Amino acid sequence: MSAEIEIESVLVENRVFPPFENLVKHANISGMDAYRALCDEADRDPEAFWARLGRENLVWAKPFTQALDESQAPFFHWYADGEMNVSANCLDRHLNTPVADKTAIIFESDDGKVEHVTYKQLHARVCEFANGIKALGYKAGQRAVIYMPMSIEAVVAMQACARLGIIHSVVFGGFSSKSLHERIVDVEAVLVITADEQVRGGKKIPLKPAVDEAIGFGGCESVSKVIVYRRTGTPVSWAEGRDLWMHEVCAGQAQTCEPVALSGEHPLFILYTSGSTGKPKGVQHSTAGYLLWSLMTMKWTFDAKDDDVYWCTADVGWVTGHTYITYGPLAAGLTQVVFEGVPTYPDAGRFWDMIQRHKVTVFYTAPTAIRSLIKLAESTPAVHPREYDLRSLRILGSVGEPINPEAWMWYYKQVGGERCPVLDTWWQTETGAHMITPLPGATPLKPGSCTLPLPGIAAAVVDETGEEVERGKGGFLVIKRPWPSMVRTIWGDPERFKKSYFPPELKGWYLAGDGAQRDSDGYFWIMGRIDDVLNVSGHRLGTMEVESVLVAHELVAEAAVVGRPDETTGEALVAFVVLKRPLPQGDEAVAIAKQLRDWVGKEIGPIAKPKDIRFGENLPKTRSGKIMRRLLRVVAKGEEITQDVSTLENPAILQQLSQSV
Ligand code: WT7
């Protein structure tokens, strides 16, 4: 944990929006008193609170006798002696209820084709695929990597793994074959599930070739089969004996498949996310605790109701897609929209058009999407939300990064028609589900604040000695008590888990890695990361990760990557690069910058490409040789340097680095 908290103060909004009466009346948590009663229950006896929720909300094959085991802290164990199955809790639990014939998924493809699948049908498809995987000899505890487009099949693949206790690791389809390779090797995957191609914004993007390339890099001997969902039918190369079509794996399989009863602690999935060092961390989540909080937050934050049409626009390659597409909404028995495409195709009215056509009631998206749609709507009146009938909406959600008050207000007014609360949900890959968020039928809203912690979540803002800071002062966001959906470990690296999240100064509390402050009402205002992690379009990227890729390029001697605020993407990457050759000028500089950007795209994925690359003969360093990142952040913003640069070894370098290519 770095001692230096460098947080830019946020614009603290003082407008307050009380909850809407009609929502308060029918909400699952109705009014602040109901919220406080749950908080009190959790504070009085946390374990009893979580035990009650676990008993009342999950279906157990064998009931647990102990909710929380702290004996190996910070490796907390929840519901460990109970047995259950996540897929049974998402599908089978609905089979003998009216939900069975309700639509589970309304799938809309990039080109606008719509397919409805009921809970009964989804259950049958998951069972067929699970039986097919089982017939290939795979079993609980083994790992499968999933590299698929947004599709019913991706949900089926994840659910089928969960049904058998196979631990999945989903890799976002936008990641490169190199990133895919790294993850296949790290989890020692026995199975890869992919598609021939994905389709986004009218373009076909190959997936299977990336899998072939990843396996071709070597070290993937653990992989015995690659199962391919045929999305576009474009011919793909085929390794006989290794590659199988998903429809052939499913063909002739029974439409029922006994869910495997697993310990509450059985790992459900591993999802990689960026940390402050070069290598992404494999965040490991559990069975019971994870599903419990996914479901509770559907009920509490999104106020899940039987007649909702819910839509989360995330990709299943991120944690938001895991919790709020594949698991939470299904456990809650909701009808949800799953969308293959992008918000700007065929035009920037796509989201509004889909909300109108499918009569979406709860809509959950990212600030970066809202910000880019604001620009387009304000310049092209035909795609402005006011041109669509959005009266079906009752709740709006935001996730992934701070939502600036201007974007909040636009979302609230133009999309929600001043009738829907905007829920700014703060959480992380590691927390599994929402942590600090407004409740639609209780919490007064302040644009730009994620408001108050959910019942049972002991959030606080502390200084580096663990003392709670005064209201209005910035500090480290910590969670003082374990909660069921918390990260269990970093796959294969328990030491890194302890070091990253439970630093000794902080008394065993979970360190989130975000700076925050609380206002006089106790509301939380998130102020960005305290480590070298950036948030670009709601995606977490480690600066070290990008740096290590840049220095691996043959032309590069040294590189430093920092973030700069960006109107649309929240933050943007700026790379400062020293080449092994003389400082390039003009066209040559442009050509090398392009080469480096493409290289990063190939090594990590397009999202990691630096927006701005600057060449210098050196980087600003202290006399002891430490790169002065703080200074680089100022240079990246194009601001004047007011800091003391007397400790700098080579002050002249700053002039060079202020020039963009
Ligand atoms: C980081 C976690 C949350 C799931 C998707 C991203 C930032 C997330 C908010 C918010 C301000 C937010 C934090 C956090 N973040 N939500 N509502 N307000 N910042 O998960 O990739 O693990 O990223 O995203 O910095 O630490 P992730």
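This is a chat about a predicted model of one protein chain, its confidence and some of its local features.

Student: Before we start, what kind of model is this and how are residues numbered?
Tutor: It's a predicted model, where local features need pLDDT of at least 70, side-chain atom pairs count only at pLDDT 80 or more, and totals for chains, interfaces and linings use all residues. Residues are numbered from 1 along each chain as its sequence is written, and side-chain values use heavy atoms, leaving out hydrogens and water.

Student: What's the mean pLDDT of the chain?
Tutor: The mean is 95, and 98% of the residues reach 70 or more. pLDDT is the predictor's confidence in each residue, from 0 to 100. The model also scores ipTM 0.99 and pTM 0.94.

Student: Where is confidence lowest and where is it highest?
Tutor: In the protein chain, helix 19 (residues 653-657) is lowest with a mean of 87, while helix 6 (residues 152-164) is highest at 99. Helices here are DSSP runs of H or I with at least four residues, strands are E runs of at least two, and both are numbered from the N terminus.

Student: And which residues have pLDDT under 50?
Tutor: Residues 1-10 stay under 50, and the model has 23 contacts for them beyond four places in sequence. Contact means heavy atoms within 4.5 Å.

Student: OK, new topic. How do helix 3 and helix 10 pack?
Tutor: Helix 3 (residues 46-57) and helix 10 (residues 288-300) pack at about 85°, and their axes are 10 Å apart. That makes helix 3 roughly perpendicular to helix 10. The cut-offs: under 35 degrees is roughly parallel, over 145 roughly antiparallel, 65 to 115 roughly perpendicular, and the rest oblique. Axes are lines fitted to C-alpha atoms, for helices over the stretch in contact, with angles from 0 to 180 degrees between N-to-C directions.

Student: Which residues meet there?
Tutor: From helix 3, Phe-49, Trp-50, Leu-53, Gly-54 and Asn-57 meet Leu-292, Trp-293, Leu-295, Met-296, Lys-299 and Trp-300 of helix 10. By class, that contact of helix 3 with helix 10 has 8 nonpolar, 2 polar and 1 charged residues. Ala, Val, Leu, Ile, Met, Phe, Trp, Tyr, Cys and Pro count as nonpolar, Asp, Glu, Lys and Arg as charged, and the others, Gly among them, as polar.

Student: What about helix 11, is it mostly covered or exposed?
Tutor: Helix 11 (residues 319-331) is mostly covered, with 13 of its 13 residues buried. Buried means under 20% relative accessible area, exposed means over 50%, and partly exposed is in between (1.4 Å probe, protein chains only). His-322 lies in helix 11, and it is buried with a relative accessible area of 0%.

Student: What does His-322 touch?
Tutor: Leaving aside neighbours within four places in sequence, His-322 has contacts including Met-158, His-168, Phe-269 and Tyr-290.

Student: Which residues does UniProt list as "binding site"?
Tutor: The unreviewed entry lists Val-551, His-553 and Val-556. UniProt positions follow the numbering used here, feature names are shortened, and annotations may be inferred rather than shown by experiment.

Student: Where do His-553 and Val-556 sit?
Tutor: His-553 is in the loop between helix 16 (543-551) and strand 28 (556-566), and it counts as buried at 7% relative accessibility. Val-556 is in strand 28 and also counts as buried, at 2%.

Student: What is His-553 touching?
Tutor: Not counting residues up to four places away in sequence, His-553 touches Lys-580, Gln-595, Leu-596 and Trp-599. For Val-556, with neighbours within four places left out, the contacts include Lys-580 and Leu-596.
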